[in-house]
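Please view the sequence and the model first, and then follow the points below.

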Amino acid sequence: MSHAHFFFAGLVALALSACVAGTALASESIKIGFAGSLSGDLAPYGLPPLMAVQMVVKEINDQGGIQGRPVALLVEDDACKPELATNSATKLVAGGVKAVIGHTCSGPTKAALPIYQAAKVLVISPSATSALLNQDGEYPFFFRTIATDVVQAKTQVDFALQTLKAGKIAVLHDKGDYGKGLAEFARSLVERSGQAQVVLFEGVTPGAVDYSAVVQKIKRSEAEAVLFGGYHPEASKLVGQMRQKRLAIPFVSDDGVKNDTFIKVAGKDAEGVYATGPADASDNPITKAFREKFRQAQGTYPGAFFDNAVAAALALTNAIAKAGSTDPEAVAPILRSEQVATPFGPIGFDAKGEPVGIGVSLYQVRNGQFVQVR
């Protein structure tokens, strides 16, 4: 069992103990749900946010709760699968929560939103980036503390065109709501630019072992860069098989890949890979305080979306405190009208629940670590 597995097992144990503690307090407590990918390949994206939310909740409870009422956290694992997310959402609603932090992935968030909407439950995701979520403002109680894929795609395409000077671009995706959506935005931005052409647009099958047919297509297309929408398991295989075939063109991906797990899985093939992700917040005092707490508890620094989840938990609990209620009709207007201090500095939300004050940066793997390059 790797160190990572021990670490994640510890987080799951913490999550379960939080659930048990929550039930004892149920009568007078303020119930908040957490739903995300806590098992399977994509657990590295769900477990750091869970730990972040637990830390904020513990801090609030240590200071006497919200208006004297303790916060109880109800935790559900959807393994980043839409069919499990509907089950998780139903359980949280039945458990009496009026607000949920989650889900981790865009597909599960999309599947769960109608259930929360019907039950009048507020949802704030730290990591679901699909721009198609709440595109028409149909979910008035949906918020997120991360920039959408439109922003990520623009960052990737600008970099490919202006810095890499790529005239021919291959755009790949994993066929999911998140990956395919991002890839489609990237394709249209390349086409609209007039500076380059998309010479290949292709979906790969998640979990497949062999991507050599796709790698051959990239080679034949004479692409000068690859843009990939999806998560680290597929990205690491793609990059590995590209490098095996001596295809050394730049590989530019997204926040589903900007994770230490990608570097561990891809090994030396990760070197030089680019990925977009939330802007570096490491100088912010709130970020420093929470990351240090995490390090003291786990012996390592937190992974993806930890800062975004701290921001979600702080924004939500601040709004509940100011509203004096968990009723979304009272909480949502406060989220939209007031800024709150977070790891990204003061943030607010627009009419559609999109964050104001959280941007996207581009990173590159250098000497086994993601380093911000722009």
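His103 lies in the loop between strand E3 and helix H4, where helices (H or I, at least four residues) and strands (E, at least two) are DSSP runs numbered from the N terminus. The peptide bond that leads from Gly102 to His103 is cis, with omega near -5 degrees. The model is predicted: local features need pLDDT of at least 70, side-chain atom pairs count only at pLDDT 80 or more, and totals for chains, interfaces and linings use all residues. Residues are numbered from 1 along each chain as its sequence is written, and side-chain values use heavy atoms, with hydrogens and water left out.

**Domains**

- The domain assignment of the protein chain, whose bounds come from an automatic or database domain assignment, gives domain 1 (11–146 + 283–358) and domain 2 (150–278).
- Between domain 1 and domain 2, the C-alpha centres lie 30 Å apart.
- The contact between them, where contact means heavy atoms within 4.5 Å, takes 17 residues from domain 1 and 15 residues from domain 2.

**The disulfide**

- How many disulfides does a search of the whole structure find? The search finds 1 disulfide, the term being used for a pair of cysteine sulfur atoms within 2.5 Å.
- A disulfide is, in general, a covalent bond between the sulfur atoms of two cysteines.
- Here Cys80 is joined to Cys105, with an S to S distance of 2.0 Å.
- The pair links distant parts of the chain, 25 residues apart: Cys80 is in the loop between strand E2 (71–77) and helix H3 (82–94), while Cys105 is in the loop between strand E3 (99–102) and helix H4 (106–118).
- The link of Cys80 and Cys105 is left-handed, with -125 degrees about the S-S bond.
- Cys80 has a relative accessible area of 14% and is therefore buried; on this scale buried means under 20%, exposed over 50%, and partly exposed in between (1.4 Å probe, protein chains only).
- Cys105 likewise counts as buried, at 3% relative accessibility.

**Packing of H2 and H10**

- Two packed helices are described by the angle between their axes and the distance between the axes.
- The axes of helix H2 (residues 47–62) and helix H10 (residues 285–298) come within 11 Å and cross at roughly 105 degrees.
- These axes are lines fitted to C-alpha atoms, for helices over the stretch in contact, and angles run from 0 to 180 degrees between N-to-C directions.
- H2 and H10 are therefore roughly perpendicular to each other, since angles of 65 to 115 degrees carry that description, those under 35 count as roughly parallel, those over 145 as roughly antiparallel, and the rest as oblique.
- On the H2 side, Met51, Met55, Val56 and Glu59 meet Phe290, Lys293, Phe294, Ala297 and Gln298 of H10.
- By class, this contact of H2 with H10 has 6 nonpolar, 1 polar and 2 charged residues; Ala, Val, Leu, Ile, Met, Phe, Trp, Tyr, Cys and Pro count as nonpolar, Asp, Glu, Lys and Arg as charged, and the others, Gly among them, as polar.

- Ala43 has its place in the loop between strand E1 (30–36) and H2, and its relative accessible area of 6% makes Ala43 buried.
- Not counting residues up to four places away in sequence, Ala43 touches Ser37, Leu38 and Pro48.
- From Ala43 to Thr104, C-alpha to C-alpha, the separation is 9.4 Å in space and 61 residues in sequence.
- Leu182 is found in helix H6 (residues 177–193) and counts as buried at 1% relative accessibility.
- Leaving aside neighbours within four places in sequence, Leu182 is in contact with Asp149, Gln152, Ala153, Gln156 and Asp254.
- Leu182 and Ala341 are 29 Å apart in space, C-alpha to C-alpha, and 159 residues apart in sequence.

- Lys165, in the loop between helix H5 (149–163) and strand E6 (168–173), has a phi near 55 degrees, a positive value in a residue other than glycine.
- Is Lys165 buried or exposed? Lys165 is exposed, with a relative accessible area of 61%.
- Arg246 lies in the loop between helix H8 (232–244) and strand E9 (251–253); phi of Arg246 is near 55 degrees, a positive value in a residue other than glycine.
- Arg246 counts as exposed at 76% relative accessibility.
- Leu132 lies in the loop between strand E4 (122–125) and strand E5 (142–144) and counts as partly exposed, at 47% relative accessibility.
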